[in-house]
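Hi,

Here is the structure I promised to pass on.

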Amino acid sequence: MHAALTVTIFLAHQSALSHYWHRLTDKTFSGIYHANAFDLAMMIPYFIVLLVLAMYGLHRYWLVYDYFLYSKNVPPPPPPVERWPRVTVQLPIFNERYVIERLTEAVARFDYPRELLDVQVLDDSTDETQEVARACAERHAAQGMPITYIHRANREGYKAGALENGLRTAQGEFVAIFDADFIPEPDFLRRTIPYFLNPEGGEKIGMVQTRWTYLNSDYSLLTNVETILLDGHFVVEHGARSRRGTFFNFNGTAGVWRRKVIDDAGGWQHDTLTEDTDLSYRAQLKGWKFLYLPQIECAYELPVDMNGFKSQQHRWTKGSVQTCKKLLPTIWRSKLPFPIKLEATGHLMSNFAYLLLAILCVLLYPATGGPPVGWIRTVLVDIPIFVAASASVGLFYICAQRELHPGTWIKDLLFLPCLLALGIGLSLNNARAVLEAMLNHKSDFTRTPKYGIERKSQPWRTCKYRPLKSALPLAELAFAIYFSYFVVYAIMHRQFLSVPFLLMFQGGFLYVCLSSFVSRWSKFSLGGSRARATIPA
């Protein structure tokens, strides 16, 4: 969303906005032409949408500003632990045939006292994952690991329901959660638990979140772009909010909860698709403090196929809007300080920008005749809105990459045009998610398929898991054709400055569309091997 906003705002100024500004300010036909109701009906909503999107851009500036302003507000290393507490480790899975063994092996390597561990494999699977997961649990149990296998016959509540069910028999004072596509380091618990036990404020900490790293960043263009997108979230967003002391969310995995905080906040609830964000805000509303520890990393397998990535983005976007509808009124009725309320609003409402972006994609068109741009409009309108809404995107991701890779961050910027195009291409997918949440349209918790990909040489097209099919790629193809016409139109009318940006719209929709179709045509892969029977994710 951040990325796509850059290109859209720029084109807005080069096309429709220029067109209406010109018609309102051109004195050539003074006394003959006056702005009519149609012009105003188009221009006023257009300006409103642009101004709202500009506010999202200003919010990104504010996050970057907070990140550096409060750079010294990081928790000091906790003192040594004299007595380690019991910890429950929950591993919620659903049809994870390719990754469950990898996950249980990683947990088995924890260097935490085994007598203080309580590992739960929470399996809702409907395929052979049941046998594989049960065998893994039995094998590790025979080796002395305190692990139990819990299978549910139904998926009531989906992941939230599985976690809630596991808590009924959980023995730990703290609960660590890892999704199936993660590989925690052996010292994960020894590095996170001490912060809860710190005599100086540790008793107020309700949750500790660590930073995601990536097993397969270089697998493809898609995974390279996903890496930059997630780094922006984990470095700048989480960093700024945690340093300033405003609310931020548990990311659903690679974190540790204090058990009584989950109960105090009302437990896991499954009326949204982002149960992690929902519980996070309810816990912080109860006064519990959250801690973000970017120096502690947990490796994650990025989605390698476009349909899986789109289903993940749809779930995150829809769930965030559902949580916003559910909790934002409560936040504003609370006695929280105004800055916390304001940042919570910016956080929970951020995904509404996808809907505005999709609207602009429809309204966007090259200005008829290519009107001249006067210096007054440039100074008073173009530059302020462009800087507010667009330049912030580059700053946002540059800061994240510089913080993580001080010596090599410049080469990562080569992916920035691809990041912009992907954000544009996803706008229809995520705008649909926003609308579904606003209209209370119910949908299942669609998991992201995992294939155990860690190296470039590993194939995935013959794997059995596939996201559910959708007609959305046809709409994305229509938008690609729509912007192909505008590319030709801009060239014919000598609007050359707009052409590279229009190509980004065309390329973004075309890339997402074709990638969505290709991932379904695994039987036509270059290797010639047919895919096995697939199971929807």
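Predicted model: local features only at pLDDT ≥ 70, side-chain atom pairs only at ≥ 80, totals over all residues.

Leu50 sits in helix H3 (residues 37-69); helices here (H or I, at least four residues) and strands (E, at least two) are DSSP runs, numbered from the N terminus. With a relative accessibility of 0%, Leu50 counts as buried, where buried means under 20% relative accessible area, exposed over 50% and partly exposed in between (1.4 Å probe, protein chains only).

Residues are numbered from 1 along each chain as its sequence is written, and side-chain values use heavy atoms, with hydrogens and water left out.

Now the cores. A nonpolar core is a set of buried Ala, Val, Leu, Ile, Met, Phe, Trp, Tyr and Cys residues joined through side-chain atoms within 4.5 Å. The largest one has 70 residues, and Val89, Phe178, Leu189, Ile193, Trp257 and Trp268 have the most contacts inside it. Strand E8 (residues 289-300) gives the most to this core, seven residues. There is also a second, separate core of 42 residues, which includes Ile331, Ala353, Cys361 and Leu472.

How far apart are the end C-alpha atoms of H18 (residues 472-492)? They are 31 Å apart, which agrees with the 30 Å that its 21 residues should span at 1.5 Å a residue (the expected span is 1.5 Å times one less than the number of residues). Just after H18, Arg494 has a positive phi of about 60°.

H16 also packs with helix H8 (residues 221-244), at an angle of about 90° and with the axes 10 Å apart. Axes are lines fitted to C-alpha atoms, for helices over the stretch in contact (heavy atoms within 4.5 Å), and angles run from 0 to 180 degrees between N-to-C directions. H8 is therefore roughly perpendicular to H16; angles under 35 degrees count as roughly parallel, over 145 as roughly antiparallel, 65 to 115 as roughly perpendicular and the rest as oblique. Among the residues that meet are Leu221 and Val225 in H8 and Leu419 and Leu422 in H16.

Cheers
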